[in-house]
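Please walk through the strand pairing of this chain and then through the backbone of its loops.

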Amino acid sequence: MEAHDNVDNPFIALLGIELIAWSLDYAEFCMTVRPDHLNRQAMVHGGVLATLLDVASGYAGLHVPPDAPPRHAVTLSLAINYVAAAREGRLTVTARRTGGGRTIYYTQAEVIDEAGTLIATAQGAFKYRA
């Protein structure tokens, strides 16, 4: 599995999301919870969790060899299940490409906290861009 320091994505850099591992049909990111990730109830905002799930899911279908041009995709749908609250620490999201074809691919992803507690899951559909 390849690790990458820079995924050239200013939005995820702004949130402090880091790529940990990326290989064919797999992506793993992490993020340390900051005060600006929290909602009024002192829990990680659902939109932050949705972003984590979307980013990892998208990247799970985009890995190419180092000498190939990058691939890009857009999210067609992302169904999220919020399971538990996260308030602090490090969150890890893993995603796997589960199927698809030439133009559309499907993924499953999950976010866990440092204790291994499942925080959220997602199933997504993505369309490759030309």
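Strand β2, which covers residues 26–32, pairs in the antiparallel sense with strand β4, residues 90–100, over seven bridges, where pairing requires that DSSP finds at least two bridges between two strands. Strands here are DSSP runs of E with at least two residues, helices are runs of H or I with at least four, and both are numbered from the N terminus. Within this pairing, methionine 31 stands opposite leucine 91 of β4.

This is a predicted model, in which local features need pLDDT of at least 70 and side-chain atom pairs count only at pLDDT 80 or more, while totals for chains, interfaces and linings use all residues. Residues are numbered from 1 along each chain as its sequence is written, and side-chain values use heavy atoms, with hydrogens and water left out.

Strand β4 also pairs with strand β5, residues 104–112, again in the antiparallel sense, over eight bridges. A hairpin of three residues joins β4 to β5, and across this pairing alanine 95 stands opposite alanine 109 in β5.

Turning to the loops, aspartate 25 lies between β1 (18–23) and β2, and this residue has a positive phi of about 65 degrees although it is not a glycine. Because its relative accessibility is 27%, aspartate 25 counts as partly exposed, a class that lies between buried (under 20% relative accessible area) and exposed (over 50%), computed with a 1.4 Å probe and protein chains only. Alanine 42, located in the loop between β2 and α2 (46–60), likewise is not a glycine and has a positive phi of about 65 degrees; alanine 42 counts as partly exposed because its relative accessibility is 38%.
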